[in-house]
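Hi,

Here is the structure I said I'd hand over. Have a look at it, then read my notes below.

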Amino acid sequence: MKKFLQVLVVGLAALSFNMSATAAGEQGSAAEATALVKKAIAYIKANGREKAFAEFSNPNGPFRDRDLYMTTVDTDGKMLAHGVNPKLVGKSLIELKDIDGKYFVKEYIDLAKAKGNGWVDFKWPNPITKVVQQKSMYVEKMDDLVVGCGIYK
C-alpha cells in the first residue's frame, strides 16, 4: 500500500506539472499578437476587406489561436470584424467602456491615428476562461482601419 501511495503521489505531481505547463501555453504572447496583426494586414491587402473580415470573424479560422483573436474597426469606431463575438460586428463601439470605465476603443483608435501602432491596456473577458482579465491590445492603422489583437495577463 505504501508503494502504491508513493506512485500515486509521483503521478499526481507529474500530472500537476503538466497541467500548469499546458495552462501557461494557452495564452498568447505579445510577439504572437503583433505577428497576427501583421499577418491580418497582409491578408487584407492580398484578399480584400470582405474576405479578410469574414476570416477574422471565423472562430475556427486562421486568425484565431488560443486566446488570440482579431478585431477590426474603422476609424469612427464601427466594428467590422471580431474573432469571438459576432454580435459586435456592425456596431459603433467608440463609446464602449471596460469595467473600470475606460473608453478603450476610442483610446486605441486615437493611438493608431497618432502613432500608426501601439499597445492599449484595458480589462476584458478572456474567451477561454470567461473571466474579466487585464488585456493589452496591439493595434495597427491601415488606411481607415484599425486592426488589433490582444493578449491576456
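Predicted model: local features only at pLDDT ≥ 70, side-chain atom pairs only at ≥ 80, totals over all residues.

Before we start, two strands count as paired if DSSP finds at least two bridges between them. The strands themselves, like helices, are DSSP runs numbered from the N terminus (strands are E, at least two residues; helices are H or I, at least four).

Residues are numbered from 1 along each chain as its sequence is written, and side-chain values use heavy atoms, with hydrogens and water left out.

Now find strand β2, residues 68–74. Seven of its seven residues are buried, meaning under 20% relative accessible area with a 1.4 Å probe, protein chains only (over 50% is exposed, in between is partly exposed). Leu68, Met70, Thr72 and Asp74 point one way, while Tyr69, Thr71 and Val73 point the other.

- β3 (residues 79–82) runs antiparallel to β2, joined by three bridges. Thr71 sits opposite His82 there. Four residues lie between these strands in the hairpin, and Gly77 has a positive phi near 100°.
- β6 (residues 145–152) is antiparallel to β2 too, with five bridges. Asp74 has Leu145 as its bridge partner.
- β1 (residues 64–65) is joined to β2 by two bridges, again antiparallel. Asp65 faces Leu68. Their hairpin has two residues between the strands, and Arg66 takes a positive phi near 55°.

Cheers
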